[in-house]
Amino acid sequence: MPAALATSASPATRKQTRLIRLLTLVALLAMVAAYFAPIWWVSLTAPNYPKDAFPDGIRIHFHFDGVHNGCKAAVRGSQLANETLQEDLAKDTERYNPVLDAKKDVNKDAKGLDCVHEMNTINHYVGMFPISTGAPVEKPLAKFFFGFFAVMLLAFAAIERRTRLLVLGVGFSAVAVWAVVDQFVLGHLASHVKAYVDEAGTFFKEPEKIRAWGDNVTLVTKVVVGVLVLAMGIVFAGVAKLRSFELLMALVPALLPVFFVIEYATWLWFFGHNLHPWGAFTVKPFMPTVFGEGKVAQFSTFSYPHYGYALLLAASACLLVALLLRRKQLREEAAGSLA
């Protein structure tokens, strides 16, 4: 809305504008919270993982930046808790001295329920690569795409064209510099690729093949960072030239729940259809369960959205309402200019 029109807008239009800003800011907060939250969870259950020791089965959580352990500590009084207590009380177990051990790392070599490791161990028997090797480009770059979306939403909430372009220019520049410095100057891309190569070779040692995968991750990451910077330039130019282009600044982040499901299902398909022949058991390529319950051999699988996905849906709902209101304003402005 031009400044002159903004100052002469009716009370109803000003109220509508405040509602658009409020919805956009709520969506931005929900989106940022979703980045740090588990988006989806998967659990495996089987007779050899008793509910007493694994109340949630072998459970993992998918975040935008990686795969995290979803298993809880053993419940007090459970079989696993009692076994751990007995191990701690054993005569050979080292005792903690509050004076001599004050600076000692007591958590070193501590045993816990690492269900990401357990899930990988189970999967490798059928030739599946470690689950954390999925999305090797998307995970480390997710924070920059969220920065990209956040700048667009802040610009969408701005009313005056000059302010909107200023937000886009400053915000996009900051995100671009952040991505380049983080990935290339500080060497996080190189360290990520090294960790990826080590993880991919955990069970199936094929150094040359996996090294080539690492080279591909490096190449694709550079291309994606370049595409991200190019997309920023396109958005800036589009908003500067076309009035209706600003609607895309809310529409694209609103589609995040769709983007996530497509990405998640694609990688599940990849893992289920690229089984290594060195697996101890031979199974036909299969599509792991994306949503709901499934069964593979003696394992039951459960795959459902977590609360982070609800945050994404809430952000989408707010943005779609804000987008429709802004679209209505643009049409009224266009009709007013022709009158």
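Asp182 is buried, with a relative accessible area of 9%, where buried means under 20% relative accessible area, exposed over 50% and partly exposed in between (1.4 Å probe, protein chains only). This is a predicted model, in which local features need pLDDT of at least 70 and side-chain atom pairs count only at pLDDT 80 or more, while totals for chains, interfaces and linings use all residues. Residues are numbered from 1 along each chain as its sequence is written, and side-chain values use heavy atoms, with hydrogens and water left out.

The side chain of Asp182 meets that of Lys143 in a salt bridge (3.9 Å, N to O), a salt bridge being a side-chain nitrogen of Lys or Arg within 4 Å of a carboxyl oxygen of Asp or Glu. Because Asp182 lies in helix 6 and Lys143 in helix 5, the pair ties together parts that are 39 residues apart in sequence; helices (H or I, at least four residues) and strands (E, at least two) are DSSP runs, numbered from the N terminus. Lys143, for its part, is partly exposed, with a relative accessible area of 24%.

The axes of helix 5 (residues 138-157) and helix 6 (residues 161-185) come within 8 Å and cross at roughly 170°, the axes being lines fitted to C-alpha atoms, for helices over the stretch in contact, with angles from 0 to 180 degrees between N-to-C directions. That makes helix 5 roughly antiparallel to helix 6, a term for angles over 145 degrees.

By the same rule for salt bridges, the count comes to eight. Glu246 and Arg164 form one of them (3.3 Å, N to O), and Glu246 also forms a salt bridge with Arg326, the closest N and O atoms being 2.5 Å apart. Arg326 lies in helix 11 (residues 307-338) and Glu246 in the loop between helix 8 and helix 9, so this pair ties together parts that are 80 residues apart in sequence. Glu246 is buried at 1%, Arg164 at 2% and Arg326 at 2%. A network of salt bridges links Arg164, Arg243, Glu246, Arg326 and Glu333.

A search of the whole structure finds one disulfide, defined as a pair of cysteine sulfur atoms within 2.5 Å, and it joins Cys71 to Cys115 (S to S 1.8 Å). Cys71 is buried at 14%, and Cys115 is buried at 1%.

How values were computed: Angles under 35 degrees count as roughly parallel, over 145 as roughly antiparallel, 65 to 115 as roughly perpendicular and the rest as oblique.
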